[in-house]
Amino acid sequence: MVTEAQVWDALAEIPDPEIPVISLVDLGVVRGIDVDDRRVRVEFTPTFLGCPALEVMRDAMADSIRALGAEPEIQVLLDDSWSTDRITAAGREKLRASGFAPPSPRGIAAPTLVQLQSNAHRCPYCGSTETRLENIFGPTPCRSLRYCGSCKQPFEQFKTI
Amino acid sequence: MKQSEDPEIAGLATKIDREEAYHRIHAQMWFDRLRDEPRFVEALERLRPQAEALLDSAQRGEHTAELADLWEEMTMVRRSQPAGTKW
């Protein structure tokens, strides 16, 4: 008999396919786990809708539950329940330590160019706020490129959604 | 669509709109950079009927003649894939 805690632990071992320094649990995409005898149901709230890694995440969770000897059922939630505010504090620190600036907290209104161009974004390497926007889209749609004028280092900034 | 009675449509539309904010800003930045570039202005004029066809269709609930060309273009990638291709 698998316990809910065992499933959480197993999912916390799965790295994000695009940014493997954080796990799927750190990323906040697991909204709930329900264990019913040998069946394990996972509520999966996708990150960006256009994210090419969603299927990889879904399959990795199913494999990990099978490895515990249970039958997985991954329910993809078609709602607006994920935002970057769901990334855990531990996840944000792992991002920063790896050179990815974690997303700022979500505001009430949609982001504006003025906000993105402001120097409210901190460099993950030296901590300076003297950073500028280079491009809204980076290597993946969920990241922007910024440049730190203080330590002269380009870095990737997670978008806030 | 965000006001849809279908919770899935409303939820997804809300999510898409939040992501779209970045695409709109990105498009605006490119527009501002290229607005005086003759090739850009020429291409914009050439494509304007298609953009208008899309908006007109959405507003009036019926299709204009230009929609056929637009539909051809928008579905090209999907149609070029063998049936059952998964992304």
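## Largest pocket

The largest pocket of this predicted model holds about 460 Å³ of space. A pocket here is an open set of points on a 1 Å grid over the protein atoms alone, where a 1.4 Å probe fits, with protein on both sides within 12 Å along at least five of seven lines. Lining residues have an atom within 4 Å of a point. Volume is the space filled by probe spheres set on the points, which are joined across faces, edges and corners.

Lining residues number 26. Closest to the centre are G107(A), P111(A), Q115(A), T160(A) and Y22(B). Four elements each supply at least two lining residues: α5 (113-117), β6 (143-148) and β7 (153-158) of chain A, and α1 (7-34) of chain B. α1(B) gives the most, with five. Helices (H or I, at least four residues) and strands (E, at least two) are DSSP runs, numbered from the N terminus.

By type, the lining has twelve nonpolar, eight polar and six charged residues. Nonpolar covers Ala, Val, Leu, Ile, Met, Phe, Trp, Tyr, Cys and Pro; charged covers Asp, Glu, Lys and Arg; the others, Gly among them, are polar.

## Second largest pocket

This pocket has about 340 Å³ of space. Its lining includes L44(B), L47(B), R48(B), L70(B) and E73(B). α2 (38-60) and α3 (67-74) of chain B each supply at least two residues. α2(B) gives the most, with seven. The lining divides into seven nonpolar, one polar and two charged residues.

## Cysteines

The structure has zero disulfides over all chains (a disulfide is a pair of cysteine sulfur atoms within 2.5 Å). The sulfur of C123(A) is 3.8 Å from the closest cysteine sulfur, in C151(A), so it is too far for a bond. C126(A) is in no disulfide either; the nearest cysteine sulfur, in C148(A), is 3.7 Å away.

C123(A) is buried, at 3% relative accessible area. C126(A) is partly exposed, at 38%. Buried means under 20%, exposed over 50%, partly exposed in between (1.4 Å probe, protein chains only).

## Chain A

Chain A has five helices and seven strands. Along the sequence they run α-α-β-β-α-β-α-β-α-β-β-β. Of its 161 residues, 43% count as buried. Its C-alpha atoms fill a box of roughly 55 × 30 × 25 Å along the principal axes.

## Conventions

Residues are numbered from 1 along each chain as its sequence is written, and chains are lettered from A and ligands numbered from 1 in the order in which they are written. Local features need pLDDT of at least 70 and side-chain atom pairs count only at pLDDT 80 or more, while totals for chains, interfaces and linings use all residues; side-chain values use heavy atoms, with hydrogens and water left out.
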